Amino acid sequence: LQEYDRRYVWHPFTQMKEWEEDEPIVIERGEGSFLIDTDGTRYLDGVAAIWTNVHGHCKKEINEAIKAQVDRLEHSTLLGLAGEQPALLAKRLVDIAPPGLCKVFYSDNGSTAVEIAVKMAFQYQQHKGHTGKTKFISFTNAYHGDTVGAMSVGGIDIYHDVYSPLLFPTIKAPAPYCYRCPMETSDSSSCGKVCLKELERLMADHAHELAALVIEPRVQGAGGMITQPEGFVRTVRELCNKYDVLMIADEVAVGFGRTGAMFACEKEGVTPDLMALSKGITAGYLPLAATLTTQQVYNAFLGEYRELKTFFHGHTFTGNPIACAAALASLDLIEKEQLLANLQPKIEYLKDRLNSLKSLVHVGDVRQEGLIGGIELVRNRATKESYHWEERIGVLVCRAARKHGIFLRPLGNIIVVFPPLSISLAELKQLMDGIEASIREVTE
Ligand code: PMP
């Protein structure tokens, strides 16, 4: 298997040469918070199968729901037909979404959920007669996916620079990053405010040409688990209202409980005009995504036949019944097992452990939102000098963690933690003990 993997599988981002000298670990099965390789070695899954895992691996109830659905129908189409599972799930998503979101458009992954929101927002403005409103405003450090539209609204240059001739131009607003303020203010109490001031300036200048704003609410994930100050998302919503710009919330990573609320926007009482969901929607079982929107946006697409108000977008596997069955089973479990209430002690514990890491000499900053943690390693705490990327400090820490039976991924010099939401307190302790030991081994 290792030989086949080396020879035939093109892994994502491999040319960054992160792991080249490591033997691939071939994962054979999963059990709760653990991934188990072909030798039987168990790894605590510190990244919840890339944000997706909610109830642990191989959860009996979801396995059974999928098996039952496979015996009934594997797939048909939403082009011209309706389906039992996609209809039930759409109703369920609307019931739990921020109030006002009432239409569900299905796709297959986070990038397409965002791409769809971008296309809908663009076309909405056209249908409303705002033909000049064709541009998007998004944030530095943002990650919204790898399709061309999602990349265009992204803000991590290393991922997008090579494709820049393909991307449409967007207006970039500074995202708050209190540890390394993009506006270079040294006053940490004003964190967020300076960025909002600049955002308002940009929105006022460009209001006539702005279709929508795109934001990862509360925390920018792939950008480094960069948390936003309280009230940031609410003020962004107010600015969108003021300048008549649609608000697109990318909850692909933070949706379905990860922040401690069902959706991150809820924490600030915000309803976006469009909301992109994926990852946790099927609890990590199957690819599925949904873009939710309001009646107001939907109505702009109603018209007489041949008026060309159609939303020209539709994927083959849209609303796949097996994926929808998994999502419904996951939502049942979230309720039955009181997942959100049970998260609170784990969130508190993570907070304590992250705070105690601040005493390590090479930990510059720690950040947290719900069951998401970010630990920024620096060469020099006083000057905030980063390690050089060639030192691959994050890779070394994650490699050390494997010896402690933990699977982690680095984001450059930032160690990120987001285990399955079902992790037990004892397992979370094991995870944080292993992370602390690995950071010490590599940096001290
Ligand atoms: N948006 C956010 C906030 C994400 O974190 C990701 C994936 N990391 C995406 C969009 C893209 O999702 P996918 O990889 O499923 O296309």
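1. Start with the helix pair: Q85, P86, L88, L89 and R92 of α4 meet P321, C324, A325, A327, L328 and L331 of α11. A contact here is two C-beta atoms, placed from the backbone, within 7 Å. By class, the contact has 9 nonpolar, 1 polar and 1 charged residues, where Ala, Val, Leu, Ile, Met, Phe, Trp, Tyr, Cys and Pro count as nonpolar, Asp, Glu, Lys and Arg as charged, and the others, Gly among them, as polar.

2. A word on the basis. This is a predicted model, with local features needing pLDDT of at least 70 and side-chain atom pairs counting only at pLDDT 80 or more, while totals for chains, interfaces and linings use all residues. Residues are numbered from 1 along each chain as its sequence is written.

3. Back to the geometry: the axes of α4 (residues 84–96) and α11 (residues 321–336) come within 8 Å and cross at roughly 40 degrees. Axes are lines fitted to C-alpha atoms, for helices over the stretch in contact, with angles running from 0 to 180 degrees between N-to-C directions. Helices (H or I, at least four residues) and strands (E, at least two) are DSSP runs, numbered from the N terminus.

4. Now the ligand. The shell holds 14 residues, the closest being N109, G110, S111, G145 and V252; "near" means a C-beta atom, placed from the backbone, within 6 Å. Helix α5 (residues 110–127) gives the largest share, 3 residues. By class, the shell has 5 nonpolar, 7 polar and 2 charged residues.

5. K279 carries the UniProt annotation "modified residue: N6-(pyridoxal phosphate)lysine", from an unreviewed entry; such annotations may be inferred rather than shown by experiment. K279 sits in the loop between β11 (274–277) and β12 (289–294). K279 is buried, because 28 other C-beta atoms lie within 10 Å; the cut-offs are 20 or more for buried, 12 or fewer for exposed, and partly exposed in between. Leaving aside neighbours within four places in sequence, K279 contacts W51, T52, G110, V252 and A253.

6. The unreviewed UniProt entry also has a "binding site" annotation covering Y143, K279, G314 and R409. These span 267 residues in sequence, and the farthest two C-alpha atoms are 33.1 Å apart, so they do not all gather at one spot.

7. Compare two of those positions. Y143, in the loop between β5 (135–139) and α6 (148–152), counts as buried because of its 27 C-beta neighbours inside 10 Å. Not counting residues up to four places away in sequence, Y143 touches G154, I156, G221, A222 and G223. G314, in the loop between α10 (295–299) and α11, has 15 such neighbours inside 10 Å, so G314 counts as partly exposed.
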